[in-house]
Amino acid sequence: MKPRLTVVSPKAVSGVRLPILEVRSLTKVFRSSHAPVKVLEEIDITAAAGELICILGPSGCGKSTLLKILSGFIPPSAGEMRLDDRPITRPGPERCVVFQEDALFPWLTVAENIAFGLRGKGKDRRAARREVDRFLSLVGLTPYRDYLPREISGGMKQRVALARVLILKPQVLFMDEPFASLDAQAREEMQNLLLSLWAKLSHTILFVTHDVVEAVTLADRILVMDKNPGRIRAEIPVALDRPRRRDDPEFIRFSRMLHDGLRGSGEGNLPGWP
Ligand SMILES: Nc1ncnc2c1ncn2[C@@H]1O[C@H](COP(=O)(O)OP(=O)(O)OP(=O)(O)O)[C@@H](O)[C@H]1O
Ligand SMILES: [Mg+2]
C-alpha cells in the first residue's frame, strides 16, 4: 500500500484528541549590537495530548530558539503560547527539556543525578528512592546506579538525562537533538527506548532533529521548518503503523519522499509532492 502523505497548511489543526499545547503567531526578533534579526516568524503549533511531533529543519532555522521560548527560558517578541489553556510565561516543571549533550552533575552518581529534581518536592526518602529505582529500571540503568557520569557511555548519559526529566512527570517534553552526538547504533537504541517510554508514560513530545529517518521513526506528525526567517513550511502526518521498521519498504519510500521534498525545497511548497 502506498504510504499516505499529505501536505497541509501549517495553520491547520490536526488530530481529534484535545490540544494540550497551543502556539499562535509566535515571532522572535533578536536585537543584538547588529541589526535586528527575525529568527522565527508566525509559528503556529497545536499539539494534542500524547502526541509525538518532530520538528525537522536546517541548521540555524530557529529550532532551539523555539524550544527555549516554549520552555520559558526566553520570551517571544510576539505571539501566544498556552499549555492546558494556561499562558506560558516562565520555566515550569510541567515542561522539561533534554538537550543534545545534557550536562549531568559530574560529582553525583547516576541515581543521584536522576533524584536531583525531586529535591524540595516534599517526597520522603523512601518514596523518592522508589521513584528513582523505577526510572532507573525504565531506562535500563539499574546496574549503573552508583556509577559517576565519567564512568558511563554517551548513550547511557542521555538515558540519565531522560530519566532525570521524566521523573518530574512533565506534561510536555521538549527534546533538542538529544541523540545527535551518539553513534548510529546508540542512536537507534535511544529512539527505541524513547518510543517504549512514550508508549508507557504517554507524554506529549516535541522532538527537534535534522535527521529525516529519525523523524519518520518517531513522529506522529512532522513539522518542516524553513530558515531566514524560521517558519513552519509544511505539516506532514506520518501514517505508518507502529512499531516501524526501517527496512520496511513503506518506511523507505516515505523517508525518501520526505528527503527529496526537503532537498528540492525552495520557498513555499515542497516541489513534486502530492
Ligand atoms: N541570543 C541570541 N542572540 C542573537 N541571535 C541569536 C541568539 N540565539 C540564536 N540566535 C540566532 O538565531 C538563529 C537560530 O538559532 P538556533 O540555535 O535557534 O537554530 P537551530 O535551528 O537550533 O540550529 P542548529 O540546527 O544548528 O542547532 C541563528 O541565526 C542564531 O545565530
Ligand atoms: Mg539547535
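**Note on the predicted model: core, domains and ligand shell**

1. The largest nonpolar core comprises 68 residues, and I53 and I114 have the most contacts inside it. Such a core is a set of buried Ala, Val, Leu, Ile, Met, Phe, Trp, Tyr and Cys residues joined through C-beta atoms within 7 Å. A residue is buried if 20 or more other C-beta atoms lie within 10 Å of its own, exposed if 12 or fewer, and partly exposed in between, with C-beta atoms placed from the backbone. Helix α4 (residues 154-166) gives the most to this core, namely six residues. The core lies between domain 1 (1-94 + 170-265) and domain 2 (104-169), because both give residues to it.

2. This is a predicted model, in which local features need pLDDT of at least 70 and side-chain atom pairs count only at pLDDT 80 or more, whereas totals for chains, interfaces and linings use all residues. Residues are numbered from 1 along each chain as its sequence is written, while chains are lettered from A and ligands numbered from 1 in the order in which they are written.

3. The chain is divided into domain 1 and domain 2, with bounds from an automatic or database domain assignment. Their centres, taken over C-alpha atoms, are separated by 26 Å. The contact takes 13 residues from domain 1 and 10 residues from domain 2; two residues are in contact if their C-beta atoms, placed from the backbone, lie within 7 Å. On the side of domain 1 that touches domain 2, helix α5 (residues 184-201) gives the most, with six residues. Helices (H or I, at least four residues) and strands (E, at least two) are DSSP runs numbered from the N terminus.

4. I152 lies in the loop between α3 (125-138) and α4. I152 is partly exposed, because 16 other C-beta atoms lie within 10 Å. Beyond residues up to four places away in sequence, I152 touches V110, Y144, Y147 and K157.

5. Around ligand 1 are F30, S32, V37, V39, G57, S59, G60, C61, G62, K63, S64 and T65, where near means a C-beta atom, placed from the backbone, within 6 Å. The elements that give two or more residues to this shell are β2 (37-48) and α1 (63-71). The largest share, three residues, comes from α1.
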